[in-house]
Each structure stands twice: as C-alpha cells, then as structure tokens.
Amino acid sequence: MTGQHAAGDRLRRLLEWLCGSLAALALFGIMILTLIDVTGRKAISQSVPGSLEMTELMMVVVIFAGLPLVSLAGEHVVFDSLDPWLSARVRRVQGVCVDACCALGLLGVASVMWNMAAARVGDGETTAQLKLPIAPFIYGMSVLCAVTALVHLMLMLRPVAHHHVGVESEGSS
C-alpha cells in the first residue's frame with residue numbers, strides 16, 4: 001500500500017469513526033429521551049418539556065452525520081438497469097461523473113445552508129418551546145454536507161469496488 005493510499009484509508013477510518021460516533025450518540029440520545037418521556041407520561045402523567053423539539057434536532061444530527069457514511073459505503077439508491085450493456089470503462093467514467101455531480105450539488109447545498117445559518121444568527125431565531133438557537137444545527141448540517149462532498153471527491157480519485165461497478169477490489173487483479 002502506498003503512502004497516499006494509507007493516508008486515504010486513515011482519513012476514511014477517521015470519517016467513519018467521527019460521523020458514526022456522532023450519529024450513534026444522537027440516536028442513543030433519542031432513545032433515552034423517548035424512554036424517559038414515555039415512562040414519565042405513563043407513570044406520573046408528565047412528559048419531558050420540549051421532547052419533540054429535542055428529538056427533531058437529534059434526528060437532524062443522525063441524518064446529516066449519516067450522509068458521509070452512506071456515501072463511503074456506496075449505499076445510495078442507484079439506477080443500474082443499463083450497466084450490463086456498458087463496458088467497465090464507461091461505467092468508471094459514469095461513476096466519476098456521478099461523484100462529481102454529487103460533490104458539486106452537496107457543496108452548493110452546504111453553501112446555501114451556511115448562509116442560512118448566518119442569517120439565523122443575525123435574527124436570533126430559536127426553537128419554539130425550548131428557545132434553543134437554530135443556527136448551530138444549520139451550521140452542522142452545512143459542514144456535514146461539505147464533508148459528504150469531500151467523500152465524493154475522494155471516491156472520484158480512488159474509487160472502491162463496492163462503490164463503483166467495474167472497479168477491481170484491492171488485492172484482486
């Protein structure tokens with residue numbers, strides 16, 4: 001394995017650990033909050049104030065932290081009905097084009113979200129019940145979209161076999 005491949009693998013493992021941990025913590029928070037909320041409602045007729053808002057915000061974290069993981073694993077929905085009639089080279093070019101479009105689209109979304117978060121900071125927008133500032137969550141969404149765009153750029157440069165049909169796995173040739 002070359003130094004460049006080793007660095008790419010380390011970056012991949014770091015992204016998987018960071019995004020996976022973030023998503024897992026948020027999901028665990030949702031589970032605990034739901035347990036406490038339901039138990040409180042059933043046992044003492046008292047739910048957790050703002051539990052719906054907290055669940056919604058943690059779902060944002062789960063979804064956006066999962067985006068880079070889904071891209072790294074090549075688990076997005078694909079239309080591959082024509083693949084049997086395309087050569088490996090054409091499928092490889094197609095994969096590069098798809099990753100480029102995904103990266104550009106995600107960078108565009110990240111930019112829009114970053115600007116939206118800045119506007120929310122300016123107007124001080126908060127959640128309705130708990131009065132939590134919304135901007136940090138939108139900034140997080142923006143950063144995670146940008147990270148996902150970088151994942152697609154990485155895949156353009158070094159595709160993996162499970163992600164792109166027609167790309168040989170490492171070790172097989």
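Which side chain meets Arg12 in a salt bridge? The first view answers this.

**View 1. A salt bridge between Arg12 and Glu16.** The side chain of Arg12 meets that of Glu16 in a salt bridge, with 3.5 Å from N to O. A salt bridge here is a side-chain nitrogen of Lys or Arg within 4 Å of a carboxyl oxygen of Asp or Glu. This is a predicted model, in which local features need pLDDT of at least 70 and side-chain atom pairs count only at pLDDT 80 or more, while totals for chains, interfaces and linings use all residues. Residues are numbered from 1 along each chain as its sequence is written, and side-chain values use heavy atoms, with hydrogens and water left out. Arg12 and Glu16 both belong to helix α1 (residues 3–44) and are 4 residues apart, about one turn of the helix. Helices (H or I, at least four residues) and strands (E, at least two) are DSSP runs, numbered from the N terminus. Arg12 counts as buried because its relative accessibility is 18%, whereas Glu16, at 34%, counts as partly exposed. Buried means under 20% relative accessible area, exposed over 50%, and partly exposed in between (1.4 Å probe, protein chains only).

**View 2. A salt bridge between Asp37 and Arg41.** The closest N and O atoms of this salt bridge are 3.0 Å apart. Both residues lie in helix α1, 4 residues apart, about one turn of the helix. With a relative accessible area of 9%, Asp37 is buried; Arg41 has 43% relative accessibility and so counts as partly exposed.

**View 3. A salt bridge between Glu125 and Arg120.** The structure holds 3 salt bridges, and one of them joins Glu125 to Arg120, with 3.0 Å between the closest N and O atoms. Glu125 is partly exposed at 34% relative accessibility, and Arg120 is partly exposed with a relative accessible area of 23%.

**View 4. Leu130 in a loop.** Leu130 sits in the loop between α3 (88–123) and α4 (135–157). Its relative accessibility is 30%, so Leu130 counts as partly exposed. Gly50 is 80 residues from Leu130 in sequence, but the two are 5.9 Å apart in space, C-alpha to C-alpha. Neighbours within four places in sequence aside, Leu130 is in contact (heavy atoms within 4.5 Å) with Pro49, Gly50, Glu53 and Met54.

**View 5. Helix α2 beside helix α4.** The axes of α2 (residues 51–73) and α4 come within 8 Å and cross at roughly 5°. Therefore α2 is roughly parallel to α4. Axes are lines fitted to C-alpha atoms, for helices over the stretch in contact, with angles from 0 to 180 degrees between N-to-C directions; angles under 35 degrees count as roughly parallel. Residues making the contact include Leu57, Val60 and Val61 of α2 and Phe137, Met141 and Leu144 of α4. The contact residues divide into 16 nonpolar (Ala, Val, Leu, Ile, Met, Phe, Trp, Tyr, Cys and Pro), 3 polar and no charged.

**View 6. The largest nonpolar core.** This core has 15 residues, and those with the most contacts inside it are Phe64, Met113, Ile138, Leu144 and Cys145. Two or more residues come from each of α1, α2, α3 and α4. A nonpolar core is a set of buried Ala, Val, Leu, Ile, Met, Phe, Trp, Tyr and Cys residues joined through side-chain atoms within 4.5 Å. Leaving aside neighbours within four places in sequence, Phe64 is in contact with Met113, Met141, Leu144 and Cys145. A second, separate core has 6 residues, among them Ala26, Ile30, Leu33 and Val62.

How values were computed: Parallel < 35°, antiparallel > 145°, perpendicular 65-115°, else oblique.
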